[in-house]
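Subject: Structure for you to look at

Hello,

Here is the structure I promised to pass on. Please open it first, then read on.

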Amino acid sequence: MRNPLSDTIVNIKPSGIRKFFDIVADMPDAISLGVGEPDFETPWHIRDEGIYALEKGKTFYTSNSGLKELRAEICNYLDRKIGVKYEPLSEVIITVGGSEAIDIGLRAMLNPGDEVLIPQPSYVSYEPCTILAGGKPVFIPLKEENEFRLTGRELLDAITDKTKVLIMPFPNNPTGAIMDKDDLEEIAKICVEKDLIVMSDEIYSELSYHGEHVSIAAMPGMRERTVLINGFSKAFAMTGWRLGYACGPKEIIEQMTKIHQFAIMCAPTTSQYAAVEALKNGDDDVKMMRESYDQRRRFLMQAFKDMKLQCFEPFGAFYVFPCIKEFGMSSEEFCTRFLMEEKVAVVPGTAFGDSGEGFVRVSYAYSLEKLKLAMGKLNNFITKLRGEK
Amino acid sequence: MMTDSNIRERILAVIEKNSRIEINELATVLGLTEITVANEIKALEEEGVICGYLTMIDWEKTSIEKVSALIEVRVTPQRGQGFDTIAERIYKYPEVDAVYLISGGYDLLVCIEGKTLKEVSSFVSQKLSTQESVLSTATHFILKKYKDHGIDLNKGLEDGRELITP
């Protein structure tokens, strides 16, 4: 039989997380701090709207771009939150999670050989989506000494005459890093100068613990060269509803809509109705969840400090990214031993790019009780490791 | 700048849900010093803002039998004292859990917990109805508690998420 597979996809390596997942799956009594989604259930009033939509027979396709009402609410929300105005009818598309927006955004923009700058460590799908879209991923390794922010120097050094798109993954998964207004202004200036298009993945925008989240789309000259991606998963604890969106220049959104139209048709209708409710009446839920994450974040930082484990203080998302270089082993080895010896799962930093070596991702989308238990075990583990040296 | 009332609100918001949290942990999660938190809690206790630290128990899951009832009570208010005197006469009974003055069709809502149905009924017929200012009572026995003090009593602890996700 002939080879039924595409070389492109075969050559893409599976997510580094998968391997680890398989080990954990065989350990039912392990405590996992490895999850990248909220521990909260979707607030009831939002679920109730979804149920109501089903009861009312809202079981049909929506328009390709998504419900008009939802697109209008998204525009209100973005205006309110980041001070950028979008036109609901032509500059917004509702997608199946932020992930689909990343995929179709890159496919809409890239020509063969175009380079995409991907700061790492970062979310796992930028690289494969770039390759699948025919582009060439170029990584920018971010540094702990810069609190894993992207600096202007790092960006300038990575730009070639083939560079077309810069991915901006902040607040960041897995590091928890954020970019302040000053940091973004510097990056924005370079993007305008070098004529780059930015794909800004702001899925964790509501989870910022150091003042309000700032979007690069709000920087001078950036609105017309930014595809802003966001969604409902993290802010409203709606991961399973699979709903995100992209906003940007009409020409790009139009082409993205074409791919979406042929590949997806439209995002889930029930989820779209629920999302309208989330944007209209969900502010208090977001505030409550943010406060809760922030408390856990402070708890973990204190726990690391007490056990003298090096970790920069992250102000975004729900991850901390401690450094484990003092133990002289790879992230993967550290995580595997921690899992085997103390039955706690954290994710090797290398799952998010080579520059994650020497770090591990600890998620705090868990109750304080669980985090406390896990930190006790981490303390045992690193005390043991320090004794081995 | 964090104001005093802001600190109070934040402390109360946490301990309302988790009264067992240690002072040092409470200080950590709120980003405050231990001494600030300890002083604030002491003040809250002294001022009677914090009235006690209780435990939520679902007695249904134990072998101990309990009967709870909500009793609507209509009373004649007394000159000069309104409802307060009669309310006090009722809430002084140790079997009474809570008494609220209510707007609407009746005056006082009395929550009572007893060991048996008989114990509750005899409280109503002998102690409550016989009060001079009590005009009438209507007793509602609680058949099942679904949610109490914001806690879903049927909810398990299981985590519905996959173990590791990107």
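Below is what was found, chain by chain. Please keep in mind that this is a predicted model.

**Chain A: domains**

Domain 1 covers 7-42 + 284-378, and domain 2 covers 58-281. Their centres, taken over C-alpha atoms, are separated by 24 Å. Across the boundary, 35 residues of domain 1 of chain A are in contact with 34 residues of domain 2 of chain A.

Which elements supply the domain 1 side? H11 and strand S9 (319-320) of chain A each give at least two residues to it. H11(A) holds the largest share, with 7 residues. By class, that side of domain 1 has 19 nonpolar, 9 polar and 7 charged residues.

**Chain A: a helix pair**

H11(A) also takes part in a helix packing. Helix H11 spans residues 283-306 of chain A, and its partner, helix H13 of chain A, spans residues 368-388. The angle between them is about 15°, and the axes are 11 Å apart. The two helices are therefore roughly parallel to each other. Their crossing is right-handed.

H11(A) brings A:Arg296, A:Phe299, A:Leu300 and A:Ala303 to the contact. H13(A) answers with A:Leu368, A:Leu371 and A:Met375. The class count for this contact is 6 nonpolar, no polar and 1 charged.

**Chain A: the sheet**

Chain A has an open sheet of 7 strands. The order is S2-S8-S7-S6-S5-S3-S4, and the pairing is mixed. Strand S2 (92-95) and strand S4 (136-141) of chain A are the edge strands, each pairing on one side only. On average, neighbouring strands of this sheet are turned by 20° against each other, direction ignored.

One of the pairings to look at: A:Leu117 has A:Val138 in S4(A) as its bridge partner.

**Chain A: backbone points to check**

Most residues other than glycine have a negative phi, and most peptide bonds are trans.

- The peptide bond from A:Phe170 to A:Pro171 is cis, with omega near -10°. A:Pro171 sits in the loop between strand S5 (163-168) and helix H8 (181-193) of chain A.
- The peptide bond from A:Asn173 to A:Pro174 is cis too, with omega near 20°. A:Pro174 is in the loop between S5 and H8 of chain A.
- A:Asp195, a residue other than glycine, has a positive phi, near 55°. A:Asp195 lies in the loop between H8 and strand S6 (197-201) of chain A.

**Where the chains meet**

How many residues does each chain give to the contact? Chain B gives 9 residues and chain A gives 19 residues. The chain B side has 5 nonpolar, 3 polar and 1 charged residues.

**Chain B: domains and a helix pair**

Chain B is also assigned two domains: domain 1 (4-46) and domain 2 (59-144). Their centres, over C-alpha atoms, are separated by 35 Å.

Helix H2 (residues 23-30) and helix H3 (residues 34-46) of chain B pack at an angle of about 115°, with axes 8 Å apart. That makes H2(B) roughly perpendicular to H3(B). The crossing is right-handed. From H2(B), B:Ile23, B:Asn24, B:Leu26 and B:Ala27 meet B:Glu34, B:Val37 and B:Ala38 of H3(B). These residues divide into 5 nonpolar, 1 polar and 1 charged.

**Chain B: the sheet and its helices**

The chain B sheet is open, with 4 strands. The order is S2-S3-S1-S4, and the pairing is antiparallel. Strand S2 (96-101) and strand S4 (134-141) of chain B are its edges. Neighbouring strands are turned by 20° against each other on average, direction ignored. Inside the sheet, strand S1 (residues 67-75) and strand S3 (residues 108-114) of chain B pair over 7 bridges. B:Val67 stands opposite B:Gly114 in S3(B).

Helix H4 (residues 84-91) of chain B packs on this sheet and touches S1, S2 and S3 of chain B. The direction of H4(B) makes about 165° with that of S2(B). Helix H5 (residues 117-128) of chain B lies across S1, S3 and S4 of chain B. H5(B) runs at about 15° to S1(B).

Best wishes

Note on methods:
Residues numbered from 1 in each chain as written. Chains lettered and ligands numbered in written order. Predicted model: local features only at pLDDT ≥ 70, side-chain atom pairs only at ≥ 80, totals over all residues. Axes fitted to C-alpha atoms, helices over the stretch in contact; angles between N-to-C directions. Parallel < 35°, antiparallel > 145°, perpendicular 65-115°, else oblique. Left-handed = near helix turned anticlockwise from the far one by under 90°. Contact = placed C-beta atoms within 7 Å. Nonpolar A, V, L, I, M, F, W, Y, C, P; charged D, E, K, R; others polar. Pairing = 2+ DSSP bridges. Domains from an automatic or database assignment.
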